Amino acid sequence: MQTGIIFDIKKFAIHDGPGIRTTVFFKGCPLSCRWCHNPEGIGKSTQRIYRRERCIGCKECIKVCPNSAVVEKEKRLHWIATDCNLCKTCAQVCTAEAVEFIGRTMSVDEIMAEIAKDTVFYNQSHGGVTISGGEPLMQTSFLLKLLDACGELDLHRAVDTCGHTDTQTLLRVASRTELFLFDLKHMDPAKHYRYTGVSNEMILTNLIDLCQRGARIIVRVPLIPGFNCDEENIERTGEFIASLTGVPQVNLLPFHRTAVTKYKSLELENKAIDIKLPSKNYLETVARRLEHYDLQVKIGG
Ligand code: SF4
Ligand code: SF4
């Protein structure tokens with residue numbers, strides 16, 4: 001039985017494609033965008049989170065750990081990663097919910113059991129299932145199986161992707177997908193590389209290719225002040241999307257700060273701490289600018 005690593009299943013999602021949806025978040029991403037709002041989705045494997053501010057100091061986690069992987073040093077708890085086998089016992093006994101493990105191994109059947117519970121809502125709202133992440137194509141064979149299982153129930157399938165993958169793999173996914181939510185972050189390869197860890201060349205080629213093959217696509221442009229909001233990039237973005245076959249719809253996704261506590265809990269550096277929130281006026285200006293290219297633009301997902 002094949003399994004995948006999932007870090008969340010969001011019910012009643014209304015910003016991840018049409019209608020009411022269930023969004024399944026796959027772990028692992030080939031990019032490391034400085035502003036990532038799902039940092040728990042970047043790593044491929046299960047991760048531990050310790051929320052120091054919730055800890056009541058009962059030390060139950062130390063007592064139950066079969067591998068002595070939780071230790072106290074200078075009145076602070078530490079987890080020794082090399083000794084921890086991720087059995088999650090420490091999280092199970094923590095009544096303060098200070099310890100949590102992000103990433104759960106699940107089978108297609110287990111995920112489908114969750115998805116199937118809300119079929120009535122998908123049918124009533126013309127919704128369905130969205131596979132997001134992380135980057136779903138990092139777990140391709142599991143993704144294909146899950147999409148096939150959704151197809152057997154005749155559910156509408158959307159895949160949210162950064163597009164950084166080989167074209168053949170993407171086309172296999174496309175043959176089982178009704179809608180792509182395709183991220184377009186920057187038109188300049190060097191700047192794209194500097195802020196996300198990869199160049200945009202493969203991403204742009206894949207987007208062109210998918211459009212030429214008639215895939216239904218919503219291009220999602222995150223608006224990150226200081227990265228991609230300058231006039232030149234917005235104009236190049238508009239020109240590029242307008243040149244695509246079928247001219248996909250555009251969603252503008254404004255930068256937000258909901259991930260601040262996630263970075264803290266994961267003990268990851270938050271490189272987006274100084275990024276300003278784009279104002280409503282600014283978002284409207286960008287939307288109007290893109291509409292000059294005859295694009296259908298929406299602010300939000
Ligand atoms: S079990 Fe939870 S609350 Fe108790 S010491 Fe461990 S982390 Fe803190
Ligand atoms: S997950 Fe298991 S092995 Fe790891 S620290 Fe917790 S109790 Fe110990």
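Predicted model: local features only at pLDDT ≥ 70, side-chain atom pairs only at ≥ 80, totals over all residues.
Helices and strands here are DSSP runs, numbered from the N terminus. Lys-59 sits in the loop that links strand 3 (47–50) to helix 1 (60–64). This residue is not a glycine, yet its phi is positive, at about 65°. Lys-59 has a relative accessibility of 37%, so it counts as partly exposed.

You'll find Glu-74 in the loop between strand 4 (70–73) and strand 5 (76–79). Because its relative accessible area is 77%, and anything over 50% counts as exposed, Glu-74 is an exposed residue.

One more backbone feature is worth a look. Gly-133 and Gly-134 are joined by a cis peptide bond, with omega at about 15°. Gly-134 belongs to the loop between strand 8 (128–132) and helix 5 (140–152).

Now for the helices. Helix 6 (residues 167–174) packs against helix 8 with the axes 11 Å apart and an angle of about 40° between them. If you want to see who meets whom, look at Thr-167, Leu-170, Leu-171 and Ala-174 on the helix 6 side, which meet Asn-206, Asp-209 and Leu-210 in helix 8.

Asn-200 lies in the loop between helix 7 (189–196) and helix 8 (201–212). Is Asn-200 buried or exposed? Its relative accessibility is 2%, so it counts as buried. What does its side chain find there? A polar atom of the Asn-200 side chain is 3.0 Å from the backbone oxygen of Met-187. Leaving aside residues up to four places away in sequence, Asn-200 touches His-186, Met-187, Asp-188, Pro-189 and His-192.

Finally, the cysteines. How many disulfides does the structure hold? It holds zero. Take Cys-229: the closest cysteine sulfur belongs to Cys-33 and is 14 Å from the sulfur of Cys-229, which is too far for a bond, because a disulfide needs the two sulfur atoms within 2.5 Å. Cys-229 has a relative accessibility of 12%, so it counts as buried. Cys-94 is buried as well, because its relative accessibility is 16% and the limit is under 20%.

Key
Residues numbered from 1 in each chain as written. Chains lettered and ligands numbered in written order. Heavy atoms only, no water. Buried < 20%, exposed > 50% of the residue type's maximum accessible area, 1.4 Å probe, protein only. Helix = DSSP H or I, 4+ residues; strand = E, 2+ residues; numbered from the N terminus. Polar contact = N/O pair within 3.5 Å; in protein donor to acceptor, adjacent residues only side chain to side chain. Contact = heavy atoms within 4.5 Å. Axes fitted to C-alpha atoms, helices over the stretch in contact; angles between N-to-C directions.
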